[in-house]
Amino acid sequence: MIMTTTSSLTFLPVLERIAEEIGRTPGRGRAADYIPALAARDPRRFGMAVAELDGTVYGVGDWREPFSAQSITKVFTLALDLAREGDELWEHVGREPSGNPFNSLVQLEYENGIPRNPFINAGALVVTDRLQTRTGDAAGELLAFLRAESGNAGLDFDLDVAASETAHGDRNAALAHFMASYGNIDNDVPALLDQYFRQCSVTASCADLALATGFLARHGIRADGGRLLTRSQAKQVNAVMLTCGTYDAAGDFAYRVGLPGKSGVGGGIIAVVPGRCTLCVWSPGLDERGNSVAGVAALDRFTTLTGLSVF
């Protein structure tokens, strides 16, 4: 049955129904094993939160359990840099789906060191590099923003996860050095990688990330009423999330879910219903493309049950 929601009183039963259905679903994928610090997570854990425009947040399951945000943080660094330099950013990173794995080097040589979009690793490295140039501490700027928007001053980096990624970060180092050879990286690569790995190691809950994403549902307005992005820039970020936010499965995600979204290999996915609410779902079991199996299924059910999508 399709439900048209009008308030949190109708959202919560939808979340409870989704959690019940997910709990009965076999085959939940595997935790990311190429980052040892993430490999031990139970793929059957599940949480889901919805945040409304006024900051009201509620959820089901493990919605207050902190997890490694990983590539979800790329949305926030993109917004923070776009707010500072505007369209100049797009001279250094594209806005097209890649069609390749998130850590692929293949396209960079053909495209002269310009990454296809800001959500594959190469593109995120460029965005972090540019934010680092403008702030002197890209990871610190990100953390301060997430703390402010979520209202959780306890959010922090997980230095064990960052160290784990550093120890297994040869591919990201290769991407950064390759782009530097084309003049598309400003900072020293080791310093950039330190910023990037700390950025990805931020630990937050579904509640935290749903709240932190709220500025994209409010068309660029932060939780305190200040403006981070213009309405047009918020539209741009949402559009790139829809087309590029789930690696090389973005087309399938748009087909199934119909919302701008961004996943991370920690098992989280954020999603935006512009003008209405934001969501975050977490379950560590991933499919072969690096997206949470239960997370995608839960968001699919949410848009089906509520009728809320951008289409």
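**Close-up A. The salt bridge between Arg256 and Asp300.** The side chains of Arg256 and Asp300 meet in a salt bridge with an N to O distance of 3.2 Å, a salt bridge being a side-chain nitrogen of Lys or Arg within 4 Å of a carboxyl oxygen of Asp or Glu. Because Arg256 lies in helix α12 (residues 250–256) and Asp300 in helix α13 (residues 293–306), the pair ties together parts that are 44 residues apart in sequence; helices are DSSP runs of H or I with at least four residues, and strands are runs of E with at least two, numbered from the N terminus. Arg256 is partly exposed at 32% relative accessibility, whereas Asp300 is buried at 19%, where buried means under 20% relative accessible area, exposed over 50%, and partly exposed in between (1.4 Å probe, protein chains only). The model is predicted, so that local features need pLDDT of at least 70 and side-chain atom pairs count only at pLDDT 80 or more, while totals for chains, interfaces and linings use all residues. Residues are numbered from 1 along each chain as its sequence is written, and side-chain values use heavy atoms, with hydrogens and water left out.

**Close-up B. The salt bridge between Arg198 and Asp137.** In this pair the closest N and O atoms are 3.5 Å apart. The two residues link distant parts of the chain, with Arg198 in helix α8 (residues 189–200) and Asp137 in the loop between α4 (121–135) and α5 (138–150), 61 residues apart. Arg198 is buried, with a relative accessible area of 19%, and Asp137 is partly exposed, with 32%.

Close-up C. Arg116 and Glu111 form a salt bridge through their side chains, at 2.5 Å from N to O. Arg116 is partly exposed at 21% relative accessibility, and Glu111 is likewise partly exposed, at 26%. Elsewhere, salt bridges link Arg41, Arg45, Asp62 and Glu65 in a network. The count of salt bridges in the model comes to 16.

**Close-up D. Confidence along the chain and at residues 1–6.** The average pLDDT of the protein chain is 93, and 95% of the residues score at least 70, pLDDT being the predictor's confidence in each residue, from 0 to 100. Over residues 1–6, pLDDT stays under 50, and the model has 17 contacts for them beyond four places in sequence, a contact meaning heavy atoms within 4.5 Å.
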